[in-house]
Amino acid sequence: METVRRRSDTPFFLVTGGISACFILLIVLLVLADIWFITWQDLVEAFQKKEIQAALRLTLLSCTLAAILSVWVGTPLGYLLARYRFPGRWLVDTLVDIPIVLPPLVLGISLLILFHTPLAGTTLEEWLTGLNLPVTYHWPAVVLAQFTVACAFAVRTMRVTFEQMDPRAEAVARTLGCTRGGAFMEIALPQAWRGIVAAFTIAWARALGEFGPIMIFAGTTRMRTEVLSSSVFLEMSVGNLDSAVAVSLLMVAMAAVVLVVLRAVGTGINA
Amino acid sequence: MLLSHQTTSKAILSGSIMLAIAMIAMLSRGNRPQPPAKTPSVQPAPQPPLLVYCAASNRAVMEAIVSDYARQYGREVQLQYGPSQTLLSSMSISGNGDLFLPADESFITLARDQELIAEVIPVAQMHAVIAVAQGNPKGIRSLEDLVNPGVRLIQARPDAAAIGQLTQQVLSQQGKWSQLEQATLAFRPSITDVAGDVVVGAADATILYDAVLHTFPKLEAVEIAELAEANSNVAIAVVSASKQPRAALHFARYVAARDRGLKRYEEFGFKPAVGDPWSDYPELTIFAAARLRPAIDQSLIEFEQREGVKITRVYHDCGSLVAQMKAGQHPDVYFADDKECMENLPELFPNPVEISQNELVILVQQGNPYGIKTLLDLSQPGIRVGVGHPKQCEMGWLTQNTLRAGGVEREVMANLTVQSPSGEMLVNKMLAGSLDSAVVYASQAARADGKLDTIRITGMPWWLARQTVAVAADSRHRQLANRLLERLDSADSKQAFLVEGFRWSAPTGAR
């Protein structure tokens with residue numbers, strides 16, 4: 001009896017594993033190089049600075065808020081883009097991507113111009129300041145700069161999530177008397193839970209790395225609008241490479257912890 | 001199942017809303033401006049915090065100064081850092097901020113061209129040097145060593161960083177730039193980038209400011225003759241749009257005070273500028289010709305209010321003021337009615353600036369009943385003529401010289417009715433009708449505008465009085481006095497001089 005000779009899978013795993021390992025190795029080496037560059041004392045000194053502590057707090061809070069807002073906006077927008085064909089859909093689709101392709105500094109300048117361009121004798125900033133809600137150079141500017149970019153990623157993620165979900169369940173619910181809103185709230189949204197967690201994660205991570213728009217729109221005022229990415233810049237600017245690397249490592253650790261926790265939460269709920 | 005889904009949706013919504021509210025609450029609570037530190041003797045200032053656009057290279061020294069200032073005055077100063085060009089753009093678009101402290105003077109020029117800043121106060125000087133790793137492992141001692149193929153040279157971009165621009169400018173003049181440019185491995189956008197490259201070992205040498213080395217202890221400087229003249233100035237400027245210029249100037253003066261901020265600059269490796277001594281409420285003294293009072297008084301009042309200083313004015317005639325100064329009473333600023341007065345004291349006022357001119361005119365009754373057109377016409381029989389006394393006032397002396405130069409002195413003096421110690425008295429006599437004509441300054445004639453007619457002196461040379469102003473060489477507050485000079489040389493000041501009948505002749509015009 002002639003047997004089919006199975007060819008070995010080893011080359012496949014060697015090639016794919018090798019390529020993957022190169023990238024993983026690069027990231028690991030980057031982190032190791034940072035760790036190698038500084039001493040434990042540098043780390044302790046950096047984290048004892050009250051400016052860094054304030055930046056850490058602002059970063060955590062602003063990234064979380066920006067990510068929540070991104071999910072709030074990204075979920076309905078992603079749903080509309082995935083489920084419906086409406087006039088101007090291509091335009092909306094293109095506009096959503098603009099914050100992703102725009103150079104960060106341009107985004108910052110654009111936000112600054114938006115809030116300070118006179119219209120009907122006042123500016124958006126003046127109007128908001130009149131309501132005791134100053135934005136430019138205050139924490140809302142940090143959140144807005146982070147949100148503008150992070151939301152674009154959230155929309156993309158939610159759109160893919162809804163596109164991958166079978167619309168039949170929503171259609172059945174509608175035949176049973178459910179409204180479109182009801183179908184969205186009671187069928188689509190609970191099913192999209194994993195996507196929501198993914199969108200939140202991506203938005204949060206993107207907000208963490210945001211720097212250019214924040215520097216221009218929110219400034220880098222210590223203890224007020226300084227986030228960790230600004231801290232790296234500020235420490236670098238005065239030659240405190242050790243501190244800059246320490247803060248960078250903190251960002252890496254923070255990002256890793258948040259991503260792991262969020263993924264665990266997402267998987268657990270869907271398990 | 002449906003119930004479970006409804007619960008999930010509600011959980012997502014309510015959970016995210018509660019989380020968002022919590023984030024906003026914590027952000028609002030934690031990022032309010034910190035209350036300023038209080039000192040027992042000083043009341044906390046009610047003003048909002050000052051916002052300073054500060055170049056990242058000045059961060060360390062400015063944080064020390066802000067801390068000193070807060071301790072002494074309890075006022076919060078917020079430092080917003082960034083590359084100078086970025087700060088300039090932010091300032092331009094937002095229209096916010098109180099002070100601008102860029103990496104070097106070139107950005108001050110840019111900001112001034114865009115009318116973004118008002119007063120500028122020099123702070124320090126930086127010098128270009130070669131920077132190498134501690135111990136100078138490549139043994140770089142000269143420009144020739146720098147272009148050696150074995151040396152990895154990184155430079156800041158001339159189009160993006162001030163140090164790059166300065167290096168290019170200085171070495172181009174010596175014909176050595178292209179050689180260095182070719183030997184440069186890479187150009188980087190900022191001074192901190194190139195310094196960082198040498199620190200981490202990505203480059204062997206770079207060119208940067210000596211003051212920057214203070215914050216990079218792993219680097220050392222190598223001075224070379226080719227860069228001996230490569231210096232840049234650091235200055236702090238008040239933002240034109242500042243809503244609290246007085247507070248901004250108070251802090252700027254503190255930064256630029258030789259016994260306050262400049263001491264810190266010296267500690268941080270800068271070569272400090274020659275600053276004024278610190279005074280919370282400084283006082284200037286100005287000696288000025290009495291005739292100039294209407295033209296300058298408003299400027300002085302506005303300067304006092306904007307700067308938060310007191311100006312003691314001494315108005316008098318040229319002779320009295322010069323006598324007082326020769327007797328040892330030295331003002332900070334002297335504004336002379338004529339350059340002749342200023343030239344009496346060349347050592348005390350070495351750099352006078354001409355601000356305006358005052359020409360002699362013929363004053364006649366309204367409608368010019370005698371048809372006077374020239375000085376010679378004053379010799380017509382029966383005309384009552386008044387002139388200034390040549391020894392009692394400068395205007396009289398100028399009138400005498402003008403009549404002599406025109407060859408009409410004898411003819412005009414034949415009709416002389418009165419010689420007055422001041423032009424103002426002649427104008428009053430004209431208004432009272434006791435004179436038909438008088439020779440006075442245009443500025444004096446302007447006070448009777450609409451009641452008397454003025455005839456410009458034509459057909460013969462006439463002498464102008466040139467009003468000059470100068471800061472005393474021994475003034476304790478030279479920087480402050482120089483800013484007063486700038487105020488007197490401004491567009492608003494020009495307007496006041498023109499209204500008073502002077503001709504504006506300041507070289508810089510409306511600054």
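Me: What should I know about the model and the numbering before we start?
Reply: It is a predicted model, where local features need pLDDT of at least 70, side-chain atom pairs count only at pLDDT 80 or more, and totals for chains, interfaces and linings use all residues. Residues are numbered from 1 along each chain as its sequence is written, chains are lettered from A and ligands numbered from 1 in the order in which they are written, and side-chain values use heavy atoms, with hydrogens and water left out.

Me: How much area do chain A and chain B bury between them?
Reply: About 3900 Å², with 67% of it on carbon and sulfur atoms. Buried area is the accessible area (1.4 Å probe) that two parts lose on being put together, summed over both.

Me: How many salt bridges cross between chain A and chain B?
Reply: Zero by the rule. That rule wants a side-chain nitrogen of Lys or Arg within 4 Å of a carboxyl oxygen of Asp or Glu.

Me: And how many salt bridges over all chains?
Reply: The count is 26.

Me: Give me one in chain A. What does Glu170(A) pair with?
Reply: Arg83(A), with the closest N and O atoms 2.9 Å apart. Glu170(A) sits in helix 8 (residues 168-175) and Arg83(A) in helix 3 of chain A, so the pair ties together parts 87 residues apart in sequence. Glu170(A) counts as buried, at 5% relative accessibility. Buried means under 20% relative accessible area, exposed over 50%, partly exposed in between (1.4 Å probe, protein chains only).

Me: What about Arg156(A), which partner does it have?
Reply: Asp97(A), with the closest N and O atoms 2.7 Å apart. Arg156(A) is in helix 7 and Asp97(A) in helix 4 (residues 89-101) of chain A, 59 residues apart. Arg156(A) is partly exposed at 22%, and Asp97(A) is partly exposed at 26%.

Me: Now chain B. Where are Arg483(B) and Glu307(B)?
Reply: Arg483(B) lies in helix 19 (residues 478-488) and Glu307(B) in helix 12 (residues 293-307) of chain B. Their side chains meet in a salt bridge, 2.6 Å from N to O. Both residues are buried.

Me: Which residues join into one network of salt bridges?
Reply: Asp93(A), Asp97(A), Arg156(A), Arg159(A) and Glu163(A), through bridges that share partners.

Me: Switching to cysteines. How many disulfides are there over all chains?
Reply: One. Cys318(B) is joined to Cys341(B), S to S 2.0 Å; the cut-off for a disulfide is a pair of cysteine sulfur atoms within 2.5 Å. The torsion about the S-S bond is about -125°, so this disulfide is left-handed.

Terms used:
Helices (H or I, at least four residues) and strands (E, at least two) are DSSP runs, numbered from the N terminus.
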